[in-house]
Amino acid sequence: DSAQLSAFEWIEQTAASGAIGFDGWQVSTALYQQMQKRLPNIQFVPLDDDFLASFWENRPEPKAEEAWWPDLTVTGQTSKAKIADTVAGLKEEQADFALITSAESVNWLLNMRGRDLFHTPVKLCYALISQSGELVIIGADSSVEAGGYQTVSFDHFEALLNQLEIGENTRISCDPGTLPVALYHRLEQRKVDMCLRDEPIL
């Protein structure tokens with residue numbers, strides 16, 4: 001019964017070899033590595049573009065509403081203190097930056113909430129934080145700027161890396177469990193030294 005098969009089992013039974021393309025923004029680096037190890041005869045090809053967009057008719061628009069900030073009685077700690085703790089962890093890891101690709105972690109770090117998902121108070125975004133404590137929000141709308149944070153779109157991610165001179169002499173800490181393969185490959189192409197570890201924030 002195919003309904004009882006895992007994705008790996010289905011691929012093993014369906015394709016003994018060949019190449020399989022997938023959306024590199026929807027698969028984590030950890031899962032990609034697991035796929036390669038489990039199915040070595042398959043070439044998995046992460047695609048950087050949203051290949052469904054060209055033929056998905058009447059696709060709903062992403063739900064994006066303004067961010068909001070609960071008070072300290074709810075958060076228990078200021079975002080400034082949380083960022084300081086994160087910076088201290090970066091220094092211990094001898095990393096120049098942390099790329100946080102868990103939206104829940106970013107929301108917790110900034111004491112920020114949103115309504116981008118139904119029934120889940122989360123603002124969908126990533127964050128890049130430097131060892132000096134400078135922080136850039138990636139992929140969020142301009143409402144996040146009300147909290148005093150710089151924002152860039154995913155379309156300008158490469159420009160951000162260029163601006164920060166991120167390359168082979170840069171060490172970035174990130175969680176392979178949430179880091180999209182598409183971002184992993186962009187950093188890999190720049191020969192960034194990636195410190196892959198579990199997300200320490202949550």
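Helices, of type H or I and at least four residues long, and strands, of type E and at least two, are taken as DSSP runs and numbered from the N terminus. In these terms Q94 is found in the loop between helix α4, residues 79-93, and strand β3, residues 97-100. The structure is a predicted model, and its secondary structure comes to seven helices and eight strands. The C-alpha atoms of the protein fill a box of roughly 55 × 40 × 30 Å along the principal axes, and of its 202 residues 42% count as buried.

The backbone can be considered next. Most residues other than glycine have a negative phi. Q94, although it is not a glycine, has a positive phi of about 55°, and this residue of the loop between α4 and β3 counts as exposed because its relative accessibility, 63%, is over 50%. N58 is another residue other than glycine with a positive phi, here near 55°; its place is in the loop between β2 and α3, and with a relative accessible area of 77% N58 is exposed.

F51 is partly exposed, with a relative accessible area of 36%, and belongs to a nonpolar surface patch of about 480 Å² that is made by L47, F51, L52, F55 and W56.

Salt bridges come to a count of eight. In one of them R38 is paired with E12, and the closest N and O atoms of the two side chains are 3.3 Å apart. Because R38 lies in helix α2 (residues 29-38) and E12 in helix α1 (residues 7-14), the pair ties together parts that are 26 residues apart in sequence. R38 is partly exposed, at a relative accessible area of 37%, and E12 also counts as partly exposed, at 39% relative accessibility. In the salt bridge between K123 and D116, the closest N and O atoms are 3.2 Å apart, and here both K123 and D116 are buried.

A further salt bridge is formed by E158 with R190, where the separation of the closest N and O atoms is 2.9 Å. This pair links distant parts of the chain, since E158 lies in helix α6 (residues 157-163) and R190 in the loop between α7 and β8 (193-196), 32 residues apart. E158 counts as partly exposed, at 28% relative accessibility. Both E158 and R190 take part in a network of salt bridges that also links D48 and R186. R186 belongs to helix α7 (residues 181-189), in which R186 is buried together with V181, A182, L183, Y184 and L187.

Two pairs of C-alpha atoms bring together residues that are separated along the chain. The place of T86 is in helix α4, where T86 is buried, with a relative accessible area of 13%. The C-alpha atom of T86 is separated by 8.4 Å from that of G133, although the two residues are 47 residues apart along the chain. In the other pair, G139 and T151 are twelve residues apart along the chain, and their C-alpha atoms are separated by 7.3 Å. G139 is found in the loop between β5 (135-138) and β6 (150-152), and at 30% relative accessibility G139 counts as partly exposed.

The empty space in the model remains to be described. Rolling a probe the size of a water molecule over the atoms shows where such space is left. The largest pocket holds about 1200 Å³ of space. It is lined by 37 residues, of which W25, Q26, P62, L124 and F154 are the closest to its centre. By class, the lining of this pocket has 16 nonpolar, eight polar and 13 charged residues.

Notes:
Residues are numbered from 1 along each chain as its sequence is written. This is a predicted model: local features need pLDDT of at least 70, side-chain atom pairs count only at pLDDT 80 or more; totals for chains, interfaces and linings use all residues. Side-chain values use heavy atoms; hydrogens and water are left out. On a 1 Å grid over the protein atoms alone, a cavity is a set of points where a 1.4 Å probe fits but cannot get out, and a pocket is an open set with protein on both sides within 12 Å along at least five of seven lines; lining residues have an atom within 4 Å of a point. Grid points are joined across faces, edges and corners, and a volume is the space filled by probe spheres set on the points. Ala, Val, Leu, Ile, Met, Phe, Trp, Tyr, Cys and Pro count as nonpolar, Asp, Glu, Lys and Arg as charged, and the others, Gly among them, as polar. Buried means under 20% relative accessible area, exposed over 50%, partly exposed in between (1.4 Å probe, protein chains only). Patches are made of residues with over 30% relative accessible area and no salt bridge: like charges are joined within 9 Å, nonpolar side chains (Val, Leu, Ile, Met, Phe, Trp, Tyr) within 5 Å. Accessible areas come from the Shrake-Rupley method with a 1.4 Å probe; for residues, only the protein chains shown count as cover. A salt bridge is a side-chain nitrogen of Lys or Arg within 4 Å of a carboxyl oxygen of Asp or Glu.
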